[in-house]
There are 2 protein chains.
Amino acid sequence: VRSPKAALVCVGSELLAGQINTHQAWLSVRLGRAGFEMVGEQSVPDDVALISLAMTRALAAADVVVVCGGLGPTFDDLTREAAARALKRPMTFQPALWKEILGRFARYRMKVPEENKRQAMVVGGAEVLRNPNGSAPGQRLRAKGRTMILLPGPPSEMYPMFDAVLPKLARDHARGVHVASYSARLSGVAESTADESLDPVRARWPNARFTILASAGEVSFHATSAEKSAAAARAATARLRQEILDAVGAFVHGEGDQTLEHALGARLKKKRLTLAAAESCTGGLMGGRITSVPGSSSYFLGGVVSYANSVKIKSLGVPSALIAKHGAVSAECAAAMARGARKALGADVGVSITGIAGPDGGTKEKPVGLVFVAVSGPGRAETLKRLEINGPRDVVRGRAVAVALRLAFDAVGA
Amino acid sequence: VRSPKAALVCVGSELLAGQINTHQAWLSVRLGRAGFEMVGEQSVPDDVALISLAMTRALAAADVVVVCGGLGPTFDDLTREAAARALKRPMTFQPALWKEILGRFARYRMKVPEENKRQAMVVGGAEVLRNPNGSAPGQRLRAKGRTMILLPGPPSEMYPMFDAVLPKLARDHARGVHVASYSARLSGVAESTADESLDPVRARWPNARFTILASAGEVSFHATSAEKSAAAARAATARLRQEILDAVGAFVHGEGDQTLEHALGARLKKKRLTLAAAESCTGGLMGGRITSVPGSSSYFLGGVVSYANSVKIKSLGVPSALIAKHGAVSAECAAAMARGARKALGADVGVSITGIAGPDGGTKEKPVGLVFVAVSGPGRAETLKRLEINGPRDVVRGRAVAVALRLAFDAVGA
């Protein structure tokens, strides 16, 4: 079974001036899971010749080309013109579409700038894609058996429009391809160890596509395989899942999009336990991640950011003698902070982080990157981990949070 | 004065499978400030034909091509082979380079895998770029007056190698171009307002390049202008700076790379004031940002994440009657939280955030996105801001943090 190919064109001078390109990752994941093989991405400035050239190249390499950005109303929104040029087709003003755009503005009682008329210009043969979340309509173009989709740049407009058009893209180009797809989320394991353990799985699936992505303290492993029928795809998904869990199941905290903070939250919710945090070198990052989950207020009570030792003593009840004897970066202090957070906030489980994030503050005995994380509870259980993390300040802090969340996940239990 | 052109090639299948491409933004900013005009970026999977094609296209469009990734020791590290193919040159094994690589491993008492020999393969005519931070050497290639640089993928190796090679790139390709460059960092202002206020500056500099980037609650404005002499560049930088400050100076918290948390920290340090935080809906994100600054322990004592009302009452001393009367998301509660954090931690200044981040929990009177931020101190000063933020949970939280940091920045004063 041959996978159809997809390519991306990201339009906007800001992408070549410091703005992080998040569309590339978002679209790649979705297209990959839908059975497309990604052959490349191009970012181009707001220049009609460069955009048009990028489109031509992408159309030569891929069955489906997704273009995002440059559909706004201003003079530097040139994606429509570039598409017309790349396909050698005219553009026409569509009065009906203009009326729709006017209607949208009227609902918000806004005056419509004359320049917005550009947004009612449509490339010859295009199907207009409605935009319920903004003024820029998208366009769907077919040429020589290929499809090019023009999407608006803002994520709140682009995401739903892409999700709406994806099933048809798959029907048109991945006909007969049924995709088996499975993603495992791992923590508490090094990327290289996970990678090695998964080698036999890859060896058994020579035609599947695997990707392994590591970020601070976490590893994602994705597998997709193109199959000949829906039943075969279902069976392959089940087999891939089982083989991956057999290989690295002990480290898997979630499947699909389930983050570590989601997985921890789900366990706490299921067991009706509450959580409190005590953070030193991470300054609140752990609480920030825990509360990124909607509804986390049902199990997360809050925490204490005890950056200064006085706060560790006063707000968390860490004995000053303990700090004097072992130091604020010690197993003893981490354990006392976890117990202290639990007690001060009246939670079932307390989780703590204390360490030296750097770049300064390290000594020979306690180098930069030395971090202790501890969990107190549920019940009488106490667990602790000592880490020596190699890397700059943000890496030390990010990995410390992931390890602490994983320790709490294990302590709460399935 | 004509600006030389630069293009990027980012190599790695992970970039087309969900990994965020941060090199694109990082390299674009540096090349832009050095006087290069960015004409595009391509991300390609680990496929020698696709990498080579991307290089050929980039070399046709730009004076300087920066390639990152694919210089590791494994079978899917193909950037060297692709460069040799694109330039139609042989690759040779360099025993001296191999000895250096072996020496590096010996220092860490590691066994060297045989496959690492690939890293001692050098494209004909290349200058080898030493890598003090990893095993992958870089390569600098010249062809038909153009330069292509091969850099390793890991940021800890790529960043210093690029910084080391940039002056020579500028000397070779931006000879006679002297770059005036100024960046202002703004907060407490909408992007559209800042943009409009800066229109007259842009109009006075038709040949300069301007970029405006907005992220949650903050706006960056960069200006570069190619000048004929070092003296002209210095004068133009000073004039750009003055004109930009005249237009939007009230909103500028920093210049160059100075983030809002850096700027706030600098003011606190200068005035020898300490800071404490109280966070509800942001769960610790504000503390996380404040402590991203190395040395922040000299002014940041810590904070309380009062996600549950019980924590607001117990740890911050917010009267339960106040919460009963006004609710936890209210101006009154925000003010009491800021005072409470200040008092509980013994800080000179307290800053607080309380709000409804969504997606659930909103009511008609208190919709999702309603946020109050407050600052107590220094001295008797109290300030407060009410926000209605439109957007998903992460946008609400990110913007709330930026507004709170800006409010504290203003309260501390210059």
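1. A word to start with: two residues are in contact when heavy atoms of theirs lie within 4.5 Å. With that in mind, welcome to this predicted model. In it, 54 residues of chain B are in contact with 54 residues of chain A. Every one of those positions is shared: 100% of the interface residues of chain B are also interface residues in chain A, so the copies meet through the same surface.

2. How are the two copies placed relative to each other?

3. Next, the area of the interface. The size of an interface is often given as the accessible area lost when the parts come together. Here chain A and chain B bury about 4300 Å² between them, and 57% of that is on carbon and sulfur atoms. Three residues deserve a look on your screen: Leu16(B), Arg57(B) and Tyr307(B) supply 13% of the area that chain B buries against chain A, more than any other three residues.

4. What holds for the polar side of the story? Between chain B and chain A the count of salt bridges is zero. Polar contacts do occur, with 27 residue pairs found across the interface, both residues at pLDDT 80 or more. Sorted by class, the side of chain B that touches chain A has 25 nonpolar, 22 polar and seven charged residues.

5. Strand 2 of chain A and strand 2 of chain B, residues 37-44 in each, run antiparallel and are joined by three bridges. If you want a place to begin, find Glu41(A), which stands opposite Ser43(B) in strand 2 of chain B.

6. Within chain A, please turn to strand 16 (residues 370-376) and strand 17 (residues 382-388). These run antiparallel and are joined by seven bridges. One pairing to check is Val373(A), whose bridge partner in strand 17 is Lys385(A). The two strands form a hairpin with five residues between them, and Gly377(A) in the turn has a positive phi of about 100°. Gly377(A) is also joined to Pro378(A) by a cis peptide bond, with omega about -5°. Pro378(A) itself is found in the loop between strand 16 and strand 17 of chain A.

7. Lastly, some backbone details. Most residues other than glycine have a negative phi, and most peptide bonds are trans. In chain B, the peptide bond from Gly358(B) to Pro359(B) is cis, with omega near 5°. Pro359(B) is found in the loop between strand 15 (349-355) and strand 16 (370-376) of chain B. In chain A, Arg272(A) is a residue other than glycine with a positive phi, near 50°. Look for Arg272(A) in the loop between helix 8 (260-270) and strand 13 (275-279) of chain A.

Conventions. Residues numbered from 1 in each chain as written. Chains lettered and ligands numbered in written order. Predicted model: local features only at pLDDT ≥ 70, side-chain atom pairs only at ≥ 80, totals over all residues. Heavy atoms only, no water. Buried area = accessible area lost by both parts, 1.4 Å probe. Salt bridge = Lys/Arg side-chain N within 4 Å of Asp/Glu carboxyl O. Polar contact = N/O pair within 3.5 Å; in protein donor to acceptor, adjacent residues only side chain to side chain. Nonpolar A, V, L, I, M, F, W, Y, C, P; charged D, E, K, R; others polar. Pairing = 2+ DSSP bridges. Helix = DSSP H or I, 4+ residues; strand = E, 2+ residues; numbered from the N terminus.
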